[in-house]
Amino acid sequence: MPITDPHALAATVRKAVADVTITDIHTHLFPPSHGGLLLWGIDELLTYHYLLAELFIATGQPPKAFYALPKSRQAEMVWDEMFLRRSPVTEAARGVLQVIQSLGLDAGERDLVTLRKAFAGLTARPEEYLERVFTLAGLDYAVMTNDPFVPAEVDAWLANRPVPERLKTALRIDTMVTNWPAAVLKMAAQGHSSSGGGTTQTARKFLAEWVARIKPLYLAASLPDSFRYDGVRATDPNDDNPSNHAADRRHVCEPSRVLDDVILPLARETGLPLALMIGVRRQVNSEFGLAGDGVGATHVASVAALAAKNPDVKFLITTLARGDQHELAVTARKFANLHLFGCWWFCNQSSIIREMTTLRVELLGTAFTANHSDARVLDQLLYKWPTTRKIVADVLTEKYGELFATGWRPTEQEIATDIRRILGGSFEAFVAR
Ligand code: RAT
Ligand code: ZN
């Protein structure tokens, strides 16, 4: 039934956003069965790398000495410096408080010992805790980042450990795309060596085997801001004569060449989308460790070239710099094989999520995915998703209000369908295409 009252319309939009089941299309979560790879709890929240960067710059604490401390001591320092001595106004610090609140706990006493006890009680059985967090966050499932170049991950897959329905896989291939020599060594360590087979052939076989093993929803890599693509050539995927592979002669190394010779042919053969997250400037300050990566503008024309020169490959794209977003959204209007997703990492701040979501709705309608959590710590789902829900509700309330003013009367069902699209539905339809 069409909604004819503007107040009822706003209430319907807010309720639909609050109720929608979300698909989280990029995270760094793992199955509990993968042991130490899955992180959860208050100490992990406090030592998340976003907060560590904030600690280092606020206090001048030397990172090397800090990283040498046990995790519990690190967490105490962050709590002391970033919550007690300073107000926790950053997105990452406020997020920790929102997680605590979502779990029905109280940070009001400002006592880490009490909080630790409460978390220990809640998280004693990780499988149950995972289920509880997903239910509270309103997710159907989350997509992991599964890296076949990380030995601990390889071991877990080879041991065939159980993976809950809540978690789906994505095959992460950064090492191959950005550090070819390292990938060759790591493939050899898994019994895939190049002797006689040609390295691009070996690489394709290696990845095909991983695709068969973990059945990913997509292939994924994050790329530096220096990434350029011109689509010079694509090797015939059926040509297994190594001497015909120009890339081999050049010792495949630049990302665009690895894409042309290994990744794009695999994407074509399997029909798997390729997710590219572009714009990271790795280790701007290597002393900061994981907290030391920065950002640079993405060459968006290269994204357009990828989509134009590979019309039979689907691309999931997100970029790191706020300044890229307008050009990127316009580019996404030009290619049906290009799906924008998420407000990635340094863009996953309330003010920028709001701006990006508004821009994308205005240019793309519902043909994009508004956000992903990038959660590395399970509990982070409990602040990242409420934050996005609130912003999406604000933006859409305004947009439906503008429609209403033209005399258009949407139904409750139409609104619910639109909202599901930008929080998982459009992604699923794109993957299934
Ligand atoms: O968001 C993050 O935690 C980053 O460190 C990266 O992992 C980034 O999201 C990536 O997937 O490369
Ligand atoms: Zn990530």
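Predicted model: local features only at pLDDT ≥ 70, side-chain atom pairs only at ≥ 80, totals over all residues.
I started at tryptophan 344, where a polar side-chain atom lies 3.0 Å from an oxygen atom of ligand 1; I count N or O pairs within 3.5 Å as polar contacts. Taken alone, ligand 1 exposes 300 Å², and the protein buries 98% of that (Shrake-Rupley, 1.4 Å probe).

Residues are numbered from 1 along each chain as its sequence is written, ligands from 1 in the order written, and side-chain values use heavy atoms without hydrogens or water.

Next I looked up other contacts of ligand 1. An N or O atom in the histidine 26 side chain is 3.2 Å from a ligand oxygen, and for tyrosine 50 I noted 3.5 Å.

Then I turned to the zinc ion (ligand 2). I found it coordinated by His26 (NE2), His28 (NE2) and Asp374 (OD) at 2.0 to 2.1 Å; donors are N, O or S atoms within 2.8 Å of the metal (3.2 Å for Na, K and Ca), and with water absent a site may look incomplete. The donor spacing reads H-x1-H-x345-D. Histidine 28 sits in the loop between strand 1 (22-24) and helix 2 (42-46), while aspartate 374, 346 residues apart from it, is in the loop between helix 17 (350-364) and helix 18 (381-405) (DSSP runs, helices of at least four residues, strands of at least two).

Conventions: Polar contact = N/O pair within 3.5 Å; in protein donor to acceptor, adjacent residues only side chain to side chain.
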